[in-house]
Every structure is written in C-alpha cells, then in structure tokens.
Amino acid sequence: MRKFHAAHFSAFALAALVILPAAARADSNSLVLINASTGPIANFTGKNVNVGMIEDDLPATNNLSLGNIPFMGNFSTAAVVTVGSHATEVAGIITSTNPAVPGVAPGSTLFAVQSADATSSTDADRTNLVSAAFFLVTNKQVQVINLSMRTAIPGTNTTGTDYGSRGLDGLIAQTGVTIVKAAGNLGRNGTNTITEPGAAFNIITVGAVNNALAGSQTNVAAYSSQGFLADGRSEPDIVAPGGSGSVASPTPPPVDNLILNTTNNPAAGGGPFNATTTNSAGTSFAAPHVVGVVARLDQVAQSLTGVFTNPATAAHAQDSRVIKAVLMNSATKLPGWNQQGTTTNGGVINVVHPLDPIQGSGLLNAGQSYLQLAAGQYDPTIRPGITMTATNPFVPLTGWDLDNVGTPSGLRSSVTNTYQLNQLVAGAVSLTLDWNRDIDTAANNFNVLGLANLDLSLWSSPNSAFTNVSLYAKSVSSVDNLQQLYFTNLPSAYYEVSVDFSNYVAGTGTTPLSVTYALAWNFTVPEPSTLLLAMMGLAMMLRLGRRRRP
C-alpha cells in the first residue's frame, strides 16, 4: 500500500476560470510511430487509471475531443486562471476520445492542476509544483503525472539539487508514482540543456522525435534538449513523438513531421468547441505520449489477468522503478545511438554512460513495453546470504524484477543478486537497471539522504551449470541511478546477469540495510543456422574460459 504525507501540499483553492479558444491534441500517426496501434497493447486504453497533469494553464474541459477530466485546480500565484491551448493540447494527447485524432490513453481519468503563472516565473513555482504533485497523489490517487510546463524556472538547475527536483524525487520514493517530464526545447544550444526539474533522479525525462510517416526516417528533433547534465548524468531517458521544428526553427519543417492536433474555435451560440486541425511541435507533446503508455501499462497490471493474478505482483508492476525499467529496456534504438566513453579492457566491455545524450534509451515502443511487462516478475536465481544461499529457478528470456540487494550495513540479503538463463542465447540483449535517490520526506526541505551506486554485469558460460563463468560486459556509471547494457551481436552462450551493490554516497543519511531496484531483461535465442557455430564457440570457451569472479 502506498503511504502519503498530506503535510506537503498547500491549502487548495479553485480560482475563477476564463475560457479562451484552445486546442486538443492527438495524432493517429504518432500512435503508429510508438507501436501502440496493434498487438495486445492496443486493447488497453488506460481505463480506471488516474492521470495527473501540471501546467501553467488549464485544459478546456468543454472540448468534446477531450476525455474524462472531472477536476481542475490552481496552485499558482495567479488569482485568475486562464484555460489555454498548451494545456488542452497536452491533455488531448493523453485522453482525446476523437477517433480522428485519438489520444494515447482515452480511457484514463485526467486531473489537471496549474502550478505556475504563464505570464511570469518566480522561485515560488518550485514550491507550488511540489505541492501540486503531492496533492494529486494524496487527494486524487493519480498513478502517473505529466509535466509539460512552458514556464522557465529562474536559475535552471541541471544537477537535481534544486527544491523541485528533490521534492519530486521524494514523492516518487515515498509513493511509487511515476512522474514524466518534458526535456525542454533548448537542444539547439547543445549539451546540458535539460530544463528544470528534468534533472531529478527518479523521474522519466522525455525528448522529442519528428512525427515521421511510415517509410520515412524518424530522427530526434533539433530542438529537443540534450544531456549530459552538469554532474555528468545521462539524460534524457527516452524520446517520443513531439514533431520537428519549433518557434526557434530557422525554416518551417514539413507539415507531415509535426504533431496533428485539434484546434478548437467557439461554436456559434457558445456551444461546445468545434474541431479543426493544425500542427505544432515541442517536447511538451512528447512527454504525454509516455504518460499515455504508462496509463495503459498500469491498466494491464490492474486487470489481474494473465501473469498479474497475484495482487502483490500487480502492485510491483505499477511501481515507478519497474515502469521506468520496462519503458527504457523496450525502447527502439534510433540510428546513431551510442554509449559514449565505452571501452574494452581485457575482453570486458565497460559502459560508463548508460544512455545516449540525445535520444536516451531510444524511441518509446508501447507494444514492446507490454511484452516486457507481461513477461512477468522473477526472483534472482541466486541470492547469497550470511548463513545460506537462496536458490530459485532459472529466469526466462524476457522478464523483470523488483527486488533488493544488501549493503555492508545489513545482514538480511546479499550484496549481489544473480539471474541465470538455462538456455543458449545469442544476438540481441537489452538490460536495464534503475533505483531511486533517497530523499527525506519527513519535512518540507526534502534533504537528500543519499544515493546508492549499483552495477549491472553480464556474464557468459559455456554450459548451463555455470561452472565456468567469464565477465562479458558491465555498466558501471558512478553518477547515474540507472545502468543499461545493449548489444545486437551477443555470442552464443549461456548467460547470467548480476546486480551488485558498489557503494553508497551519503547525504544527510546513512547507508541503508538494502537498496530496492528494478531490473528488466530481454534476450533472443540463436537462429538454427548458428547452432553449429555456437557449438564450436562453446568448445573454444571451455578451453579459454577464465575463473569465476571472486
């Protein structure tokens, strides 16, 4: 059960609303681009999932294209709140029920809050943002929150030390809610351009790609803000359709590469808005694509069917760490994706930057995310303890886990958990590990308690008994709270994955007894034509295999 602290949100008051012409956004092409239109994921709409959105204006609820929006509130300093096109466009991407321009999660219920004054920007916006987020979780029980605010917060921080980033990280760590933030539109300024609070550790930060039609190349939009961050961390986490071009674009982009949305003009006699279409772009519209997919995945878990008949497993499947690992592990790598600084030493691949600084883990893939999540949760095969070693079944080719790894301060679990596959695999593999930064939520200051440093390692063996294991690759970023390994040419072998506690960088806290993490993995099996070569390779590995790690 989630636990909440009501003390973190300010007194709520709904301001007067001024209705202006606005726009409801959605796009059937972008749903194809993120692989959300076919397969099992297409059967889910986000039904019975509460979604929150925080903006610097509010959506037009009398727009017939929008879905269920039973609540709008104001946490900003503005005395009068204006319903604006930006919030309505973002809301439409999530909940539009118009079949001509469908939303990603039209069955979800949307709760909208304004936290900033669109006409100005003050330091109070950070406090208002955190208060609004706590309110949505504690009072409206939202499971995912979209942040696409246009207002720039003074002194933009890209180290995650600002109040807003700490507060949001604390909310996520305390409740398990998923928070998704638009990366920003400053990519033309180069690296380290993620906008605040996109540098928070526990959120999902989203860049944008052009809304390319089928058969044409999908690229990251030039305006999409980039990493690495000022402290060296990898951002964004993932990219999604936001359209190409921007207000700052030197030349107008092709219309086909923008996001199609519904612009609304007041109908005669003051009736519901009529729908006409227009186009625009920005990471503001990439983030709600991710939010819509999260709502669908939450519905998958809540359905208590298939692998989620166990309520505990269903709850784990909705944890923000699992959702983040699943989305990132399932993302489609676009041309040019790479992990900068990767080296090979003694035959071992060492990854120090887990994500590409422009496209993160790649393009959002809703269909693959469903398959990753629906594969189910599996315990580590080996969990060494102080007095005994727990041995569980082998894990399948695809799956995930929400588990904990021990620290030197604790005795109840090991500092290494190992997941073994008992079948020969080759070709492509994707592994993603993430965990939360620890925040003190007992008071409104949200002090950083500390951050664990976990490593992700991939080991190979010539046999399913794993009697002769060699380290193949490891992701060992010392600044990120995630690790990722991705290969398309994995040699045929038996493999195991280990999650290792390395150290704990303490803030105001001390090293905990254990660290909870989410791990997602996906392997492929070798093609029949490669079996002969695989056998030859295994014979060579038997001769050259090194000792197992100490």
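The structure is a predicted model, in which local features need pLDDT of at least 70 and side-chain atom pairs count only at pLDDT 80 or more, whereas totals for chains, interfaces and linings use all residues. Residues are numbered from 1 along each chain as its sequence is written, and side-chain values use heavy atoms, with hydrogens and water left out.

Secondary-structure elements are DSSP runs numbered from the N terminus, helices being H or I runs of at least four residues and strands being E runs of at least two. Helix α3 (residues 124-140) comprises 17 residues and reaches 23 Å from its first C-alpha to its last, close to the 24 Å expected at 1.5 Å a residue, where the expected span is 1.5 Å times one less than the number of residues in the helix. This helix is mostly covered, 13 of its 17 residues being buried, and it is followed by Q141, for which phi is positive, near 50 degrees. Helix α4 (residues 163-175) has 13 residues and reaches 18 Å between its first and last C-alpha atoms, close to the expected 18 Å. Because 11 of the 13 residues of α4 are buried, this helix is largely enclosed by the rest of the structure; among the buried residues are G164, R166, L168, D169 and I172.

Salt bridges were identified where a side-chain nitrogen of Lys or Arg is within 4 Å of a carboxyl oxygen of Asp or Glu, and a search of the whole structure finds five of them. In one of these, the side chains of E196 and R126 meet with an N to O distance of 2.4 Å. Since E196 lies in the loop between β8 and β9 whereas R126 belongs to helix α3, this pair ties together parts that are 70 residues apart in sequence. The loop in question runs between β8 (178-182) and β9 (204-209). Both partners fall under the burial cut-off, with E196 at 5% relative accessibility and R126 at 14%. The side chains of E196 and R126 are also joined by a polar contact of 2.4 Å, a term that denotes a pair of N or O atoms within 3.5 Å; within protein, one atom must be able to donate a hydrogen and the other to accept it, and residues adjacent in sequence count only if both atoms are side-chain atoms.

A salt bridge is likewise formed by the side chains of R437 and D169, at 2.8 Å from N to O. This pair links distant parts of the chain, with R437 in the loop between β19 and β20 (438-439) and D169 in helix α4, 268 residues apart; R437 and D169 are both buried. R383 forms a further salt bridge with D403, in which the closest N and O atoms are 2.6 Å apart. As R383 lies in strand β15 (residues 382-384) and D403 in strand β17 (residues 398-406), the pair ties together parts that are 20 residues apart in sequence. D403 counts as buried because its relative accessibility is 8%.

Aromatic pairs were assigned to rings of Phe, Tyr and Trp (its six-membered ring) with centres within 6.5 Å, planes under 30 degrees apart counting as stacked, over 60 as edge-to-face and the rest as tilted; by this rule the count comes to 12. F75 and F135 form a tilted pair, with 5.3 Å from centre to centre and 50 degrees between the planes. Because F75 is placed in the loop between β4 (68-74) and β5 (80-83) and F135 in helix α3, the pair ties together parts that are 60 residues apart in sequence. F75 is buried at 5% relative accessibility, and F135 is buried with a relative accessible area of 4%. F71, F75, F111 and F135 form one aromatic cluster.

Strand β19 (residues 425-435) is mostly covered, with nine of its 11 residues buried. Strands are taken to pair if DSSP finds at least two bridges between them. Eight bridges join β19 to the antiparallel strand β23 (residues 482-506), in which L490 stands opposite G427. Strand β24 (residues 514-523) also pairs with β19 in the antiparallel sense, over seven bridges, and N522 in β24 is the bridge partner of S430.

Note on methods. Buried < 20%, exposed > 50% of the residue type's maximum accessible area, 1.4 Å probe, protein only.
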